[in-house]
Amino acid sequence: MKNGEFITLGIETSCDETAVAVVLDGRKVLSNVISSQIDIHTVYGGVVPEIASRHHLENINAVLDRAMEEAEVSYDDVDLIGVTNGPGLIGAVVIGVATAKALSFAADIPLVGVNHMHGHVSANYLQYPELEPPFLSLIISGGHTSLVEVTDYNRCTLIGETRDDAAGEAYDKVARVIGLGYPGGPKIDKAAMDGDPEAVHFKRVFLEKGSFDFSFSGIKTQVINYVNQEKMKGRPICVPDIAASFQQALIDVIVQKSVDAALKYDKDHLVMAGGVAANSALRRRMEEACGEAGLRLYKPEPVLCTDNGAMIASAAYYKYLKDGADGPDLDAFANLPL
Ligand code: KG4
Ligand code: ZN
């Protein structure tokens, strides 16, 4: 507690970002330090789990120190430690959980395990102090693409999810096919700015009528087929056009299903969360569609969309208020349902 305010330390290590943040009263970011391993994994064309764990281990103490320093707090001021305990790369999640447990034990601070997906949704509480459940959320990242009904700070019901690849996975795979490399999402986002989204027609996959599930694995095959076809005909491929057309096909489905779901579940607010929510074309299209449907759209700034410790601190704060602390037996999980 500092000046009567509740201070939460949030730790996130589920993929390739070593991230620690300090958050006040679950809503205000005092520091948000993110050490990205992108440059290291770029050489391999994607995240190598073993290397990710090793780098988390090497970086975590320095990231912790910087987050505490920037927030100008000491461990005596910290009321709660929140840590991602799944889902994610298990060797990576374990580093965060072990660090959090050690700190909790040494400094006698309560500890709460946070579901990474829940953390993504909670990023919105940091950006929008007025936002409260209920709302409908689109969680769209490298590992997940889900539509959830958020009825309370700690309660979400899944209403649809991808049956195969996550949207971020589709971005990353397609980027590889068209030679943009890793990380695919931001590179396609940038390349698409100079492309024509109508240049190539890729099929929009809506699945059965009324379903809020997604399927993105087919679009990668469509892009591969198109690239091979053009090469066989001796025609050069236009990377910005393919990037823009691929992105458009994905966005058409994502935006329509999200708006339909918000209306069907009688929500006024649609909340975007996860790494792909940083995509500039998706943000623009979602804003237009929500405007037309009379929905208020919430979209965290890009640094709060991709993995960070602040979103974990916010989720931990609300979980602690309702359920109290976890014990020293808190475990790490590769798969953890919402
Ligand atoms: O939430 P996140 O940082 O990690 C996971 O929980 O997966 O999301 C990472 C994913 C990656 O697939 C990355 O390519 C994608 O988010 N991403 C983007 C953009 N920035 C990150 N996708 C599209 N456009 C972006 N600007
Ligand atoms: Zn994430």
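The chat below walks through a predicted model, from its zinc site to its strands and helices.

Q: Ground rules first: what counts in this predicted model?
A: Local features need pLDDT of at least 70, side-chain atom pairs count only at pLDDT 80 or more, and totals for chains, interfaces and linings use all residues. Residues are numbered from 1 along each chain as its sequence is written, chains are lettered from A and ligands numbered from 1 in the order in which they are written, and side-chain values use heavy atoms, with hydrogens and water left out.

Q: Which protein donors does the zinc ion (ligand 2) have?
A: His116 (NE2), His120 (NE2) and Asp307 (OD), lying 2.0 to 2.1 Å from the zinc ion. Donors here are N, O and S atoms within 2.8 Å of the metal (3.2 Å for Na, K and Ca); water is not among the atoms, so sites may look incomplete.

Q: What spacing do the donors follow along the chain?
A: H-x3-H-x186-D. His120 lies in helix α4 (residues 116–127) and Asp307 in the loop between α10 (302–305) and α11 (309–323), so this pair ties together parts that are 187 residues apart in sequence. Helices (H or I, at least four residues) and strands (E, at least two) are DSSP runs, numbered from the N terminus.

Q: Is His120 buried or exposed?
A: Buried, with a relative accessible area of 0%. Asp307 counts as buried too, at 13%. Buried means under 20% relative accessible area, exposed over 50%, partly exposed in between (1.4 Å probe, protein chains only).

Q: How do α4 and α11 cross?
A: Their axes come within 7 Å and cross at roughly 95 degrees. The two helices are therefore roughly perpendicular. Angles under 35 degrees count as roughly parallel, over 145 as roughly antiparallel, 65 to 115 as roughly perpendicular and the rest as oblique. Axes are lines fitted to C-alpha atoms, for helices over the stretch in contact, and angles run from 0 to 180 degrees between N-to-C directions.

Q: Which residues make that contact?
A: Among them are His116, His120 and Tyr125 of α4, and Met311, Ile312 and Tyr318 of α11. Contact means heavy atoms within 4.5 Å.

Q: Switching to sheets. What is the order in the open sheet of five strands?
A: β8-β7-β6-β9-β10, with mixed pairing. β8 (155–161) and β10 stand at the edges with a single partner strand each, so one side of each has no neighbour in the sheet. Two strands pair if DSSP finds at least two bridges between them.

Q: Which way does β7 run against β8?
A: Antiparallel, with six bridges joining strand β7 (residues 145–152) to β8. Asp152 stands opposite Arg155 in β8.

Q: And what does β9 pair with?
A: Strand β6 (residues 135–140) pairs with β9 in the parallel sense over four bridges. Ser137 stands opposite Val271 there. β9 also pairs with strand β10 (residues 296–298), parallel again, over three bridges.

Q: Why is β9 largely enclosed?
A: Four of the five residues of β9 (residues 269–273) are buried, so the rest of the structure largely encloses the strand.

Q: Which helix sits between β9 and β10?
A: Helix α9 (residues 280–293), in a right-handed β-α-β unit. Right-handed means that, with the strands pointing away from the viewer, the path from the first strand over the helix to the second runs clockwise.

Q: Last one: how many residues of β4 are buried?
A: Seven of the seven residues of strand β4 (residues 80–86). β4 pairs with strand β5 (residues 111–115) in the parallel sense over five bridges. The chain gets from β4 to β5 through helix α3 (residues 90–107), a right-handed crossover.
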